[in-house]
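Reader: I would like to go through a structure with you, piece by piece. Please show it first.

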Amino acid sequence: MKSQTELRLSGSGGQGLILAGIILAEAAILDGKNSIQTQSYGPEARGGASKAEVIISDSEINYPKVKDCDVLLCLTQKSCDEYLDSLKKDGILIIDKNINKPNRDDINIYHVPIVERAKNDIGISMVANIVALGAISKITKIVSEDMLKEAILKRVPPGTEEINEKAYNYGLNIL
Amino acid sequence: MNNKAKLMQGNEACVEGALAAGMQFYAGYPITPSTEIAEISALKLPKIGGKFIQMEDEISSMAAIIGASLAGKKSMTATSGPGFSLKQENIGYAAITEVPCVIVNVQRGGPSTGLPTSPSQGDVMQARWGTHGDHPVIALTPASVKETFDLTVKAFNYAEKYRTPVMLILDEVIGHLREKVETPNKDEAEIIDRVKPTCDPKDYNPYEVEDGDIVPRMASFGDGYRYHVTGLVHDKTGFPSNDSTIAENLVNRLMNKIGDNIDDISNFEEYVLDDADIAIIAYGSTARSAKSAIQSAREQGIKVGLFRPVTIWPFLDKQIRHLTNKIKKVIVVEMNLGQYVLEVERVANKDCEVFRYGRVNGRLITPDEILEKIKGDVLCLANC
């Protein structure tokens, strides 16, 4: 009955999750779908809890927040602890390697080195959000790889296209 | 290229709408969750020969847009609850001097600095009665990004047509929401401009309404029409007066220019009300939760519909009376502890039961919460 996918990207402020949410929503539009993006964050510029929510649908989206989470990305332990319960049965959990693998056998867990790839292989932890987008694309197939790449290159600051494309490719090959 | 779909934020759509309506001046003091409106205005206004100025505070921002409007430029400011409080004195000044301007308030949790990054609908009554004295108010509340664009255009049009400050009341969810919109074609929007005097400057009475006009004709400073602007009660020449008849006529005229044209200003949406046993009344982002709740309710055989006020002020007396004549149970859902509901209770048919559901937890009310309230209190399906 439900033709929509609800994603929540969570972590700490400054990790670029809101930007990642925007890019994902834009990629869905490039794919010809309907999408909506909301966010919640604390008053701090960095640190504090941050999450972006994206709903991708074939039809009109009324309630704009995530209700039944299909895909959950967590980059910090704290965000995983907080949102794990919101992930529905058979949902997809993508968590960073630095997070303890949670005890739930009714979901599909992908325990992947997002932050490590950004920090060590690319050399700049700031691009963890783009690595995460690559991982989400590969694992969920919710948006097409090409459109997501196009959306990324459109949104990242000029001059950083190359490093972000590299980050995206690392994400696509993270499994 | 004009109608290409793109992801746009509510605050961004507000600026795009303002530019489409002809905004040429923005003054403000940035505040979450309205800051993007200032940022984007700062970026875009200079490119079209307009002016952006970041003022030292909120009341001076309000003063600046009044001044710019008197000089003939369509003007806007944006803020959130704390700043809205600080602007109130000059909002009254704009009302009595009949200076067109648009004030955007992206509501966040209050009182005081409250919850900076969280949504609320706690400023409904402040929009109506925040400034002192009897005065007219037009306040519009969008529920989507596209509607934010459309209503910003409308806000400017009403301001120009009725020579009054117009408030665009968003909430954090709508201000920060990004959704798919067909990029609006700026040339498609209907634009209304203030009517200027054509008489000889020495015959100009700045506060006299000519036959067939709704409001006095407004000369721009610099056009050669010299006149006096004051927050004091004034006669048709613009100079202060203590005359009781002049005072009463002025305040009545201010009220009547809105009251006599209420049909032009009344905007609302009705959603599956035809066969409804229960009507939800909700506005802004809360109306989106209500629509989702209604879809779930109907899947369970409960016939619920939605009445969504788009114009929250002036109050939609006629429409709410009509609604409550027909439907015997209504529930007002809002992110405050009971503001709009007070007006609904005032005009509702006495045979109609009016329920309320309000939250102030800084979160958008969910469809499940609304459904639960309907099944519980309204329908008494559970213990009650």
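Reader: Which residue is the bridge partner of Ile281(B) in β14(B)?
Author: The partner of Ile281(B) is Val332(B). Strands and helices here are DSSP runs numbered from the N terminus, with at least two residues in state E for a strand and at least four in H or I for a helix. This is a predicted model, in which local features need pLDDT of at least 70 and side-chain atom pairs count only at pLDDT 80 or more, while totals for chains, interfaces and linings use all residues. Residues are numbered from 1 along each chain as its sequence is written, and chains are lettered from A and ligands numbered from 1 in the order in which they are written.

Reader: In what sense do β11 and β14 of chain B pair, and over how many bridges?
Author: Strand β11 (residues 278-281) and strand β14 (residues 329-334) of chain B are parallel, with 4 bridges. Two strands count as paired if DSSP finds at least two bridges between them.

Reader: What is the strand order of the open sheet of 5 strands in chain B?
Author: The order is β10-β12-β11-β14-β15, and the pairing is mixed. Strands β10 (268-271) and β15 (353-358) of chain B have a single partner strand each, so one side of each is left without a neighbour in the sheet.

Reader: Which strands does helix α12 of chain B touch?
Author: Helix α12 (residues 340-347) packs on this sheet and touches β11, β14 and β15 of chain B. Its direction makes about 160° with that of β14(B). Such angles run from 0 to 180 degrees between N-to-C directions, with axes fitted to C-alpha atoms, for helices over the stretch in contact. Helix α13 (residues 367-378) of chain B also packs on the sheet, touching β11, β12 (304-309), β14 and β15 of chain B, at about 145° to β14(B). Touching means contact, that is, C-beta atoms placed from the backbone within 7 Å of each other.

Reader: Changing topic: how many residues of each chain are in contact with the other chain?
Author: In chain A, 18 residues are in contact with 18 residues of chain B. Strand β2(A) gives the most to the chain A side, with 7 residues. By class, that side has 8 nonpolar, 7 polar and 3 charged residues. Nonpolar covers Ala, Val, Leu, Ile, Met, Phe, Trp, Tyr, Cys and Pro; charged covers Asp, Glu, Lys and Arg; the others, Gly among them, are polar.

Reader: In what sense do β2(A) and β9(B) pair?
Author: They are antiparallel, over 2 bridges, and Gln37(A) has Arg178(B) as its bridge partner in β9(B).

Reader: Is Arg178(B) buried or exposed, and why?
Author: Arg178(B) counts as buried because it has 27 C-beta neighbours inside 10 Å. The cut-offs are 20 or more other C-beta atoms within 10 Å for buried, 12 or fewer for exposed, and partly exposed in between. Beyond its neighbours within four places in sequence, Arg178(B) is in contact with Ile22(A), Ala25(A), Ile36(A), Gln37(A), Leu7(B), Met8(B) and Gln9(B).

Reader: What is the order of the open sheet of 8 strands?
Author: It is β6(A)-β5(A)-β4(A)-β1(A)-β3(A)-β2(A)-β9(B)-β1(B), with mixed pairing.

Reader: How many bridges join β1(A) to β3(A)?
Author: There are 9, between residues 4-12 and residues 49-57 of chain A, and the strands run antiparallel. Within this pair, Leu7(A) has Val54(A) as its bridge partner.

Reader: And how many residues of β4(A) are buried?
Author: In β4(A), 6 of its 6 residues are buried. This strand pairs with β1(A) in the parallel sense over 4 bridges, where Leu9(A) stands opposite Leu73(A). It also pairs with β5(A), parallel again, over 5 bridges, and Cys74(A) stands opposite Ile95(A). From β4(A) the chain passes through helix α2 (residues 77-83) of chain A to β5(A) in a right-handed β-α-β crossover. Right-handed means that the path from the first strand over the helix to the second runs clockwise when the strands point away from the viewer.

Reader: Finally, at what angle do α1 and α6 of chain B cross?
Author: Helix α1 (residues 10-21) and helix α6 (residues 145-162) of chain B cross at roughly 35°, and their axes come within 7 Å. Their contact has 9 nonpolar, 5 polar and 2 charged residues. Helix α1(B) also lies across β1 and β9 (178-182) of chain B, at about 100° to β1(B).

Methods:
Contact = placed C-beta atoms within 7 Å.
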